[in-house]
Amino acid sequence: GTTGTTDGTDGASPHAVSTDSIDSTDMIIASISPVSGPAEGGSRVLVKGLGIPRTADLGCKFGPISSPSNLTVPARWISPSEIECIAPPAPTDGSLPTTVAVHVTANSVDFVPSPASFRYSPTIALDALEPTSVVVSGGTEVAVLGSNFEFGPGLVCRFGTVGVGVGVGVVVVASFVGDTEVRCKSPPLEV
């Protein structure tokens, strides 16, 4: 059968378990986070549960059990209560937004459903910022104009420099105006 490691490494290991006897239905899936992401895929989805075994066939399926196997992606085992999956691109057979079931498997045969679904949304497009500059002391209301904005608890604006090794800026909660506009108050910025 297929083997997976049990020593905490991601590579081959002399300590392997056979997935021939692993029954995915022995695990419990409690939640996923986030519950939505862009249609092009790529969202890191944290799956929490109980009794999640570390196997080579550990994966997440985004869509119905009967959907094509390309919607099953490998999972990164973190612990018996957490795994991480990268959401695949949205199914191409429907319009966006669309919501799909999420299932977890330890053996590529048996699938355990998550109590939450994953919602694929159209990609956000940014067109303009008004105004294009803010005062360093903060408090300037900035209109972010574009398309495909969606109301939700994760709607934020990021002010400052973003880049590898540079920092992540300051994140503030955004106010949803409509699918083409959100507004944010600029925070005080470091000079």
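1. Four strands make up an open sheet, arranged E11-E12-E16-E15 with antiparallel pairing. At its edges stand strand E11 (125-130) and strand E15 (175-178), each of which pairs on one side only. Ignoring direction, neighbouring strands of this sheet are turned by 25° against each other on average. The model described here is a predicted one.

2. Within that sheet, E15 and E16 are paired in the antiparallel sense, over three bridges. Phe 176 has Val 182 of E16 standing opposite.

3. For the chain as a whole, the secondary structure consists of 16 strands and zero helices. The chain has 191 residues, and 36% of them count as buried. Its accessible surface comes to about 10,600 Å², with 57% of this belonging to carbon and sulfur atoms. Taking contacts between residues at least 6 apart in sequence, 56% join residues at least 24 apart.

4. A further open sheet contains eight strands in the order E3-E5-E8-E7-E6-E9-E10-E4, and its pairing is mixed. E3 and strand E4 (36-38) are the edge strands; each has a single partner strand, so one side of each is left without a neighbour in the sheet. From one strand to the next, the twist averages 35°.

5. In the eight-strand order, E6 and E9 follow one another. These two strands run antiparallel and are joined by four bridges. Gly 59 stands opposite Thr 105, a residue of E9.

6. The largest nonpolar core has 23 residues, of which Val 47, Cys 60, Phe 62, Ile 83, Val 104 and Phe 118 touch the most other members. At least two residues of this core come from each of strand E3 (28-33), strand E5 (44-50), strand E6 (59-62), strand E7 (72-79), strand E8 (82-86), strand E9 (98-105) and strand E10 (112-121). Apart from this core lies another, of 10 residues, which includes Cys 157, Phe 159, Val 172 and Ala 174. As a general point, nonpolar side chains in soluble globular proteins tend to be buried together.

7. What does Val 47 touch, leaving out residues up to four places away in sequence? The contacts of Val 47 are Ile 29, Ser 31, Ile 32, Cys 60, Ser 81, Glu 82, Ile 83 and Val 104. Among these, Cys 60, Ile 83 and Val 104 are also listed with Val 47 as core residues that touch the most other members.

8. Ser 43 is placed in the loop between E4 and E5. Is Ser 43 buried or exposed? Its relative accessible area is 11%, and buried means under 20%, so Ser 43 counts as buried. Leaving out residues up to four places away in sequence, Ser 43 touches Ser 36, Gly 37, Pro 38, Cys 85, Ile 86, Ala 87 and Phe 118. One of these, Phe 118, belongs to the largest nonpolar core, and another, Cys 85, takes part in a disulfide with Cys 60.

9. How many disulfides are there? The count comes to two. With bonded cysteines counted along the chain, their pattern is 1-2, 3-4. A disulfide is a covalent bond between the sulfur atoms of two cysteines.

10. The link of Cys 60 and Cys 85 is right-handed, with 60° about the S-S bond. Distant parts of the chain are linked by this pair, since Cys 60 is in strand E6 and Cys 85 in strand E8, 25 residues apart. Both Cys 60 and Cys 85 are buried.

11. The disulfide of Cys 157 and Cys 184 has an S to S distance of 1.8 Å. The angle about its S-S bond is 65°, and the link is right-handed. Cys 157 lies in strand E13 (residues 156-159) and Cys 184 in strand E16 (residues 181-185), so this pair ties together parts that are 27 residues apart in sequence. Cys 157 is buried, at a relative accessible area of 8%. Cys 184 also counts as buried, at 2% relative accessibility.

12. Some links between these points are worth noting. Cys 157 is among the residues of the 10-residue core, and its disulfide partner is Cys 184. Strand E16, which holds Cys 184, is the strand that pairs with E15 over three bridges.

Technical notes:
Residues numbered from 1 in each chain as written. Predicted model: local features only at pLDDT ≥ 70, side-chain atom pairs only at ≥ 80, totals over all residues. Heavy atoms only, no water. Core = buried A, V, L, I, M, F, W, Y, C linked by side-chain atoms within 4.5 Å. Buried < 20%, exposed > 50% of the residue type's maximum accessible area, 1.4 Å probe, protein only. Contact = heavy atoms within 4.5 Å. Pairing = 2+ DSSP bridges. Axes fitted to C-alpha atoms, helices over the stretch in contact; angles between N-to-C directions. Disulfide = S-S within 2.5 Å. Areas by Shrake-Rupley, 256 points an atom, 1.4 Å probe, with all protein chains shown as cover.
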